[in-house]
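Thanks for passing this one along. Here are my notes, in numbered points, to read beside the model.

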Amino acid sequence: MTTLPDSYRSTIRSLIRFAIVLLALGLLSGVAFQESSKKLDYAEVAPGARLEAVLSLALVHGHMLVTGVLMPLALAAALDLARRSGGGELSARTLRWFTWGYLPCTAATLALMLYKGYHTLLSVRLGARDFDAIDAAYFGGLVPLRHAAYGLTHIGMAVSLGVVGVALWRSLKPAAR
């Protein structure tokens, strides 16, 4: 059995801890969605508008479970399996880049989703019905700030996944005969 290097063990432990925390938060976000959406009365808001008002918040639960739980666990398993199957060792720097890129950017992306979900739902609960105006008011109407926040978090996630994906791919080169 192949022993994993310290950098692998540290990365895998971080991924598992993150997944555990996001599992709890993901489950809580499902409960929060259910309880919050109940307060938007069907008599006040037409069904189509109600769906639009709750949709962003409804998506948080699934995104937390996929990007915050399943992806980190799958990546932890991929690191372990690649190494155990004879793959070359990824550098500690690559693993740090991945851990300190993917996990914070994922957490920030999920926080942005939660913010948007509650922004929309609460705006409708408070009487707003113009979804263009609700969307324009997001981030206090500061569109460049909104684009920067979404851009940086998504680019950070993508670059981090790309770095570890390419490194894993390269580590699996066939052994010389």
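1. The chain has five helices and zero strands, and along the sequence the pattern reads α-α-α-α-α. Helices here are DSSP runs of H or I with at least four residues, strands are runs of E with at least two, and both are numbered from the N terminus. The radius of gyration is 20 Å, well over the 16 Å that the globule rule gives for 177 residues, so the chain is more spread out than a compact globule. That radius is taken over C-alpha atoms, and the rule is 2.2 Å times the number of residues to the power 0.38. The C-alpha trace spans about 70 × 30 × 25 Å along its principal axes.

2. A word on the ground rules: this is a predicted model, in which local features need pLDDT of at least 70 and side-chain atom pairs count only at pLDDT 80 or more, while totals for chains, interfaces and linings use all residues. Residues are numbered from 1 along each chain as its sequence is written, and side-chain values use heavy atoms, with hydrogens and water left out.

3. On burial and surface, 40% of the 177 residues are buried. Buried means under 20% relative accessible area, exposed means over 50%, and partly exposed is in between, with a 1.4 Å probe and protein chains only. The accessible surface of the chain is about 10,200 Å², and carbon and sulfur atoms account for 68% of it. These areas come from the Shrake-Rupley method with a 1.4 Å probe, and for residues only the protein chains shown count as cover.

4. How do the contacts spread along the sequence? Of the contacts between residues at least 6 apart in sequence, 81% join residues at least 24 apart. A contact means heavy atoms within 4.5 Å.

5. For charge, there are 17 positive and 10 negative side chains, and the centres of the two sets lie 14 Å apart. Lys and Arg count as positive and Asp and Glu as negative, without His or the chain ends. Each charge is placed at NZ of Lys, CZ of Arg, CG of Asp or CD of Glu.

6. Do have a look at the aromatic rings, where the count comes to five pairs. Rings of Phe, Tyr and Trp (its six-membered ring) pair if their centres lie within 6.5 Å; planes under 30 degrees apart count as stacked, over 60 as edge-to-face and the rest as tilted. One of these pairs, Tyr115 with Tyr138, is stacked, at 4.8 Å centre to centre and 25 degrees between the planes. This pair links distant parts of the chain, with Tyr115 in helix α3 (residues 92-125) and Tyr138 in the loop between α4 (131-137) and α5, 23 residues apart. Tyr115 is partly exposed at 36% relative accessible area, whereas Tyr138 is buried at 1%. Tyr138 also pairs with Phe139, edge-to-face, at 5.0 Å centre to centre and 85 degrees between the planes. Ring pairs join Tyr115, Tyr138, Phe139 and Tyr150 into a cluster.

7. Phe139 has a positive phi of about 60 degrees although it is not a glycine. Phe139 lies in the loop between α4 and α5 and counts as buried at 15% relative accessibility. Among the residues that touch both Phe139 and Tyr138 is Arg146, which sits in helix α5 (residues 143-171). Arg146 is buried, with a relative accessible area of 16%, and also touches Lys116 and Asp135.

8. Buried or exposed: which is Gly26? Gly26, in helix α1 (residues 6-38), is buried, with a relative accessible area of 0%. Beyond residues up to four places away in sequence, Gly26 touches His61, Met64 and Leu65. Gly26 and His63 are 37 residues apart in sequence, with 8.1 Å from C-alpha to C-alpha. Arg13 lies in helix α1 and is partly exposed at 48% relative accessibility.

9. Last, Met157 in helix α5 is buried, with a relative accessible area of 12%. Leaving aside neighbours within four places in sequence, Met157 is in contact with Tyr102, Cys105, Thr106 and Thr109. Met157 and Thr67 are 90 residues apart in sequence and 9.9 Å apart in space, C-alpha to C-alpha.
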